[in-house]
Structure formats: C-alpha cells, structure tokens
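Let's take a friendly look at a ligand site and the pockets of a protein. Please have the model open as you read.

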Amino acid sequence: MLVKACGLRNLQEISWAHDLGYNFWGIVVDPNSKRYVPTQDFESLWDSVPTEWRSRCVLVARKWQWLSIYARTCGEALLQCYEPFPDFVAPERCILPVTREEEWQICRAQQRAVYSLYDVSLGSGEWQGLPPWCSDKAGLFVAGGLSEDRLQELATKERGRRFFGFDLSSGLEGDDVSGRSRKDYRKMAECLKIIRNNFLDGTP
Ligand SMILES: O=C(O)c1ccccc1N[C@@H]1O[C@H](COP(=O)(O)O)[C@@H](O)[C@H]1O
C-alpha cells in the first residue's frame, strides 16, 4: 500500500513523512490554498531536500498554470492537477483525479497518468466516505478528509478491504501555538499505523 502525506510546508514535515515511512510527500502550489508554498520558498525548500527523496515529491494545484512554474524547476516531481494536463507533460509524471469508476478505467486503458486519485475534498478535509468501487483498483489513491477517526471508522466497518494507496492532508494537522494548522507528528504516525494494520495491500 502506498501512502502520501500531502500539504507539507517545510523540511521538518518532509523529514517526518520520510522517517515514518510515507511513500510520497506533497506540496500544495495552489495560491488559493491555506497550505500554499510560494515559488521562492519552494525553491529554497527544494534545494534543502536530500536528492534521494525528490522523486517522492508530488506538486498539487487545481490549475495547470500554477503547477507549470514549479514543474519546470523540479523534473523529478509528480504533478497532481485537477484540470487536464497539456500534451507535452509525460503521463509518468501525472496523477489524475477521477470521480467515477469509468474515469479510472479510461485513465488505465489510455495510460494517461502514472496514478489516479479519488478525491472529493480538494484539501477541505470534507469526508464523504469512500464509494465501494474505490477498493482494489490498480494505481488509485483515495483521499478526502481521511483522519484518525475516519480511518478507524472505515477500519471498523470494512477491515480487510484492499487498497492501492491513501492520500492524507487535513487529517494530519493540528493547531500550533499561534493557532495556525500545521502537520502533527503524532497524527502522521497514528494514521499510518491504522492504515497498515487494517487494510490489505493492493499494490501489485
Ligand atoms: O490542500 C489543499 O489546499 C488543496 C488545494 C487544491 C487542490 C488540492 C488540495 N489538497 C489535496 O486534496 C487531497 C485531499 O486532502 P484532505 O485530506 O481532504 O485535506 C490531498 O491530495 C491534498 O493535498
């Protein structure tokens, strides 16, 4: 099972994801997001990230135009965008959001992306459950408000369900002393533990 910790903002959070065993770490480059990492901050952050971790980076935005500035400077990163990718972007770099099983099938059949993603929340943390078709789908990450409580709820109802991958962001956050939401090491560790202990690995 592959697990992605998304919406990270600094080297400490990226190191936590790496040390805990998350498979991917995501940076939101969408200017309307509260997790937005501006270009200049991203460039110095990217320089400080150990080279061997870089191919595990995912850049996230709702629009291609916001991603393109960053995508040029870090060719290793995967790109998660909520509008179609231009033709010149290789499918091996794309994570394509899908909302229905038919879209996942098309994505696989036409090899339009390396991974697909079922995400109804776009970082809002809104939980709407997971439709039954989402399990055991090659290359499909599931996301949308996954937190300790939601994962535990899912595990109680559907222990042993097989998944290819999970993608978490809001559910890994807590408030820091100034009231801003930041990734929380304990939540990151606990969510990963719940996933690994309760669901079957749907990776080939
Ligand atoms: O995090 C954001 O603000 C965001 C903005 C625009 C597009 C996607 C965004 N987040 C991604 O959405 C999924 C699910 O997040 P959550 O667990 O519901 O918070 C994840 O990939 C986020 O990185």
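This is a predicted model: local features need pLDDT of at least 70, side-chain atom pairs count only at pLDDT 80 or more; totals for chains, interfaces and linings use all residues.

Residues are numbered from 1 along each chain as its sequence is written, and side-chain values use heavy atoms, with hydrogens and water left out.

The ligand is surrounded by 21 residues (a heavy atom within 4 Å), and Cys-6, Ser-33, Ser-121, Asp-167 and Ser-170 are the closest. The table gives polar contacts, pairs of N or O atoms within 3.5 Å.

| Protein atom | Ligand atom | Distance |
|---|---|---|
| Ser-170, polar side-chain atom | oxygen | 2.3 Å |
| Ser-33, polar side-chain atom | oxygen | 2.6 Å |
| Gly-125, polar backbone atom | oxygen | 3.3 Å |

Taken alone, the ligand exposes 500 Å², and the protein buries 98% of that (Shrake-Rupley method, 1.4 Å probe).

A pocket is an open set of points on a 1 Å grid over the protein atoms alone, where a 1.4 Å probe fits, with protein on both sides within 12 Å along at least five of seven lines; lining residues have an atom within 4 Å of a point. The volume of this largest pocket is about 360 Å³. Its lining has 26 residues, with Arg-35, Val-60, Tyr-82, Leu-122 and Gly-123 closest to the centre.

The second largest pocket has a volume of about 290 Å³. Its lining divides into 13 nonpolar, no polar and four charged residues.

Methods. A polar contact is a pair of N or O atoms within 3.5 Å; within protein, one must be able to donate a hydrogen and the other to accept it, and residues adjacent in sequence count only if both atoms are side-chain atoms. Grid points are joined across faces, edges and corners, and a volume is the space filled by probe spheres set on the points. Ala, Val, Leu, Ile, Met, Phe, Trp, Tyr, Cys and Pro count as nonpolar, Asp, Glu, Lys and Arg as charged, and the others, Gly among them, as polar.
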